[in-house]
Amino acid sequence: MSQSYDRGLVEDFGRWREFSAGMWAWVFHKFTGWVLVGYLFTHIAVLSTATSSEAAYTTTIQGLESLLVVRFLEIGLLAVAVFHILNGVRLLFVDLGVGLDAQDRSFYASLVLTGAIVVASVPTFLSGVFG
């Protein structure tokens, strides 16, 4: 005879407060992975304009570069890619047995390093938009 378990309400969002750093690292890693997959399709769509003509590709790129929202999306893409890379390296070390006792600190370090890299890169991404 099978037992039934009370799993609570599906809408119980209070459980997010109980997540440890490892769970947040897993959630962020999955989220950033899916964002990168979505970007891949966008990237292919923009590159496909080069198959029609060089002028169409140049016009598309110049049009996208002139939009402020695209520049902010590029900053977000940088943040997603840098975190995904750093967290992937962290996971590699964990899988190799290195730093098992410091997983929380290494997750927080990857977040801080991602933030520092993104903040330092903002002027580069926004140059040429306000000029």
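The following legends describe several close-up views of a predicted protein model.

Residues are numbered from 1 along each chain as its sequence is written, and side-chain values use heavy atoms, with hydrogens and water left out. Because the model is predicted, local features need pLDDT of at least 70 and side-chain atom pairs count only at pLDDT 80 or more, whereas totals for chains, interfaces and linings use all residues.

**Figure 1. The helices of the protein.** The protein has four helices and zero strands; helices (H or I, at least four residues) and strands (E, at least two) are DSSP runs, numbered from the N terminus. From the N terminus on, the order of elements is α-α-α-α. Of the 131 residues, 20% count as buried. Here buried means under 20% relative accessible area, exposed means over 50%, and partly exposed lies in between (1.4 Å probe, protein chains only).

**Figure 2. The largest pocket.** The volume of the largest pocket is about 450 Å³. Its lining comprises 16 residues, and the closest to the pocket centre are Tyr 39, Thr 42, Leu 64, Val 70 and Glu 74. On a 1 Å grid over the protein atoms alone, a pocket is an open set of points where a 1.4 Å probe fits, with protein on both sides within 12 Å along at least five of seven lines; lining residues have an atom within 4 Å of a point. Grid points are joined across faces, edges and corners, and a volume is the space filled by probe spheres set on the points. Helices α1 (21-47), α2 (54-65) and α3 (68-95) each supply at least two lining residues. The lining divides into eleven nonpolar, three polar and two charged residues. In this division Ala, Val, Leu, Ile, Met, Phe, Trp, Tyr, Cys and Pro count as nonpolar, Asp, Glu, Lys and Arg as charged, and the others, Gly among them, as polar.

**Figure 3. A nonpolar patch on the surface.** Ile 85, Val 89, Leu 92, Phe 93, Leu 96 and Val 98 form this patch, which has about 570 Å² of accessible area together. Accessible areas come from the Shrake-Rupley method with a 1.4 Å probe; for residues, only the protein chains shown count as cover. A nonpolar patch joins side chains of Val, Leu, Ile, Met, Phe, Trp or Tyr within 5 Å, from residues with over 30% relative accessible area and no salt bridge (a side-chain nitrogen of Lys or Arg within 4 Å of a carboxyl oxygen of Asp or Glu). Leu 96 lies in the loop between α3 and α4 (103-126) and is exposed, with a relative accessible area of 60%.

**Figure 4. Residues of helix α4.** Leu 113 is found in helix α4 and is partly exposed at 42% relative accessibility. Its C-alpha atom is 8.5 Å from that of Leu 86, 27 residues apart along the chain. Ser 121 also has its place in α4, but is buried, with a relative accessible area of 17%. Ser 121 and Leu 78 are 43 residues apart in sequence and 8.8 Å apart in space, C-alpha to C-alpha.

**Figure 5. Ser 66 and Gly 128.** Ser 66 lies in the loop between α2 and α3 and is exposed, at 52% relative accessible area. Between the C-alpha atoms of Ser 66 and Gly 128, 62 residues apart in sequence, the separation is 8.3 Å.

Terms used: Patch = residues over 30% accessible without salt bridge, like charges linked within 9 Å, V, L, I, M, F, W, Y side chains within 5 Å.
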